[in-house]
Amino acid sequence: MSKPFYQINTESEYERACQGAIEQPEEFWESIAETFHWRKKWNQVVSWNFEEPDVKWFLNGKLNITENCIDRHLKDKADQLAIIWEPNEPSAEVRKYTYAELHREVNRFANVLVKNNIQKGDRVCIYLPMIPEAVFAMLACARVGAIHSVVFAGFSSRALADRVEDAQAKMIITSDGLLRGDKKMLLRNIVAEALEMCSSVETVLTIRYTGDVVKTNHLDKWYHDELKSVSAEFHAVETDSEDPLFILYTSGSTGKPKGVVHTCGGYMVYADYSFRNVFQYEEHDIFWCTADVGWVTGHSYITYGPLLAGATCVIFEGVPNYPDTARFWQVIEKHRVTQFYTAPTAIRALMVSGSEIPKRFKMDSLKVIGSVGEPINLEAWQWYSDYVGKGNCPVVDTWWQTETGGIMISNLGGIGKHIPTFAGKPLPGIQPVLLTSEGKEIAEKSAEGLLAIKYPWPSMIRTTYGDHERCRQTYFSAYHGYYFTGDGARRDEQGMYRIIGRVDDVINVSGHRLGTAEIENAINEHDLVIESAVVSYPHDIKGQGIYAYVICDKLPADEEKARKEIHFIVESIIGKIARPDKIQFVTGLPKTRSGKIMRRILRKIAEGSTSDFGDISTLLDPGVVESILKGKI
């Protein structure tokens, strides 16, 4: 290929990169991989078979990802900030680390791990608040060749134990406590409960953070004590391109978490490539992703993507509404953030406070604003664009999954057109297709179907930890020769994709396929509505009926009147076929701590079930299930 499409800056470059990636995919990815530091170059770019599945990238290449995240930047960026940590309390001290300081901290942490018998291939569970040590711990694991499994520090002891046991983790890295908004949690006490259900853990490494007195036992080592006797020098362990880098657990439809495995070489290449291009990163930009490192967004776009690109990244400990709903906008102005990446859930929550609050802030440093986690509804997209982006920032509405490792479909900030509620076009090198329910590719440009990927990409899932058959069954068995995303999508004449919801969230009403996201977008147009969730339930005449759970600013004084208004809006925007059969006004929805609505629970309630909801301990508020059951129509 004539040019390595490492960073795409124009629409014509995008088109040429797409063409090159389809015509010569191996050469395309090789040209990007060659921009990294490898101890030994690969002898084959890719080997793949979606039947097994068996996918390998940059075969027999040798590297350590942290040398690309840190060491290679020391020559010309040693004094540049790598991390800006913004604490939960606005009055608390901001901690900043240059690349040289990050190098020192990660080396020291790596030496602590080795001192405590952590070796290449061992699994280490990280259960920490959003403090810099969470990133140090991830990178230290990678530096010694250990496999990190980050568990969101809000999960229950049972959920933590399940993940520790599945990975057979040898060590848990935690802290005494956690601060989130006006709440405090004693993490080490939760770990103590989890340890009663775990057999593999040999060491608990605890970071003193809040200073609280917590339960400890013979397994405990205090991180600050361990640091006293270790060096700030550490030679990174060599890993193979296909060695596992991390395991990240994602909810399964059965309630049992799946341990998604990502590997060192391919994930590295794609995390950097997608970060640079989607956010149009430039030297001296300040990037802020509001996610937690307990989720894949935090892995790819807090820890690995920005650091691989030599960027400066804000890490935020707090929540968007503490101490008030101006917090996000204050942080953007304080640190002159140039790219801001958050979730529609956060945007909708902040919309309730009105537009006057973001209007008080210039936020003129912003160049790109992004959305992640779910399709963003039109009202939230418009508010975000108008009041945060001030009408001057492209909105990158990114579609991807834990299993994909990085952003797959999105417009590239400021390149080409962007349409509200459309994720956009695939990144060059990604080959999505729309399939019929029989598994045939839909050739027409303007079409709707099942979203699948027909060619591998470097950061794709390799297996589900300890259960490869589950990986095959979940992602590769439904449609021969494709990775099936589980999502339905619509494609327009220009090749822009709109995600219309999970396939099991596509409702078939009298033979008409309706995406739940589309109905929710319409319901959310009502002035009182903050958020909604739509599921199907058995209907004697239509086959499937539409059940809508609706959250309002405050419960309507006249619920029947509000239902009629919602019916009118949905009929006006989509048509009578999309009119909800039942509308239940609720005060909350069953969400995971990453903001994902657990629709399987809502579906079971709509179908009449009063129990058998699987594990609900990992929900942000398990009590919301009982509340919804009490108000069921």
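A nonpolar core is taken here as a set of buried Ala, Val, Leu, Ile, Met, Phe, Trp, Tyr and Cys residues joined through side-chain atoms within 4.5 Å. Buried means under 20% relative accessible area, exposed means over 50%, and partly exposed lies in between (1.4 Å probe, protein chains only). The model is predicted: local features need pLDDT of at least 70, side-chain atom pairs count only at pLDDT 80 or more, and totals for chains, interfaces and linings use all residues. Residues are numbered from 1 along each chain as its sequence is written, and side-chain values use heavy atoms, with hydrogens and water left out.

The largest nonpolar core has 119 residues. Leu 102, Phe 109, Ile 173, Phe 279 and Tyr 304 have the most contacts inside it. Helix H6 (residues 132-144) supplies the largest share of this core, ten residues. Helices (H or I, at least four residues) and strands (E, at least two) are DSSP runs, numbered from the N terminus. Contact means heavy atoms within 4.5 Å. With neighbours within four places in sequence left aside, Tyr 304 is in contact with Ile 65, Cys 69, Met 138, Leu 139, Ala 142, His 148, Leu 245, Tyr 267 and His 299. Another core, of 30 residues, lies apart from the largest one. Its members include Val 314, Leu 350, Ile 357 and Ile 369. In soluble globular proteins, nonpolar side chains tend to be buried together.

In helix H8 (residues 187-195), eight of the nine residues are buried. These are Leu 187, Arg 188, Asn 189, Ile 190, Val 191, Ala 192, Ala 194 and Leu 195. Helix H19 (residues 599-606) has seven of its eight residues buried, so the rest of the structure largely encloses it. The buried set in H19 is Arg 599, Arg 600, Ile 601, Leu 602, Arg 603, Ile 605 and Ala 606. Their cover includes H17, strand E28 (529-539), strand E29 (543-552) and helix H20 (623-630). Just after H19, Gly 608 takes a positive phi of about 105°.

Aromatic pairs were searched over the whole structure, and 45 were found. Rings of Phe, Tyr and Trp (its six-membered ring) pair if their centres lie within 6.5 Å; planes under 30 degrees apart count as stacked, over 60 as edge-to-face and the rest as tilted. Trp 29 and Trp 57 form an edge-to-face pair, at 6.2 Å centre to centre and 80° between the planes. Trp 29 lies in helix H2 (residues 25-33) and Trp 57 in strand E2 (residues 54-59), so the pair ties together parts 28 residues apart in sequence. Trp 29 counts as buried, at 0% relative accessibility. Trp 57 is likewise buried, at 0%. The ring centres of Tyr 301 and Tyr 341 are 6.0 Å apart with planes at 80°, so this pair is edge-to-face. Tyr 301 belongs to helix H11 (residues 296-308) and Tyr 341 to strand E18 (residues 339-342), so parts 40 residues apart in sequence are tied together. Both Tyr 301 and Tyr 341 are buried. Ring pairs also link Phe 28, Trp 29, Trp 38, Trp 42, Trp 57, Phe 58, Tyr 270 and Tyr 273 into a cluster.

Glu 51 sits in the loop between strand E1 (44-49) and E2. At 37% relative accessibility, Glu 51 counts as partly exposed. Glu 51 touches Arg 472, His 480 and Gly 481, not counting residues up to four places away in sequence. The C-alpha atoms of Glu 51 and Gly 481 are separated by 6.5 Å, although the two are 430 residues apart along the chain.

On a 1 Å grid over the protein atoms alone, a cavity is a set of points where a 1.4 Å probe fits but cannot get out; a pocket is an open set with protein on both sides within 12 Å along at least five of seven lines; lining residues have an atom within 4 Å of a point. Grid points are joined across faces, edges and corners, and a volume is the space filled by probe spheres set on the points. The whole structure holds two cavities of 30 Å³ or more. The second largest cavity has a volume of about 60 Å³. Strand E25 (497-502) and helix H17 (516-523) are the elements that give two or more residues to its lining. The second largest pocket has a volume of about 580 Å³. Of its 26 lining residues, Ile 22, Pro 426, Pro 432, Arg 491 and Tyr 497 are the closest to its centre. Helix H1 (11-23) and strand E21 (432-435) each give two or more residues to this lining. H1 gives the most, with five.
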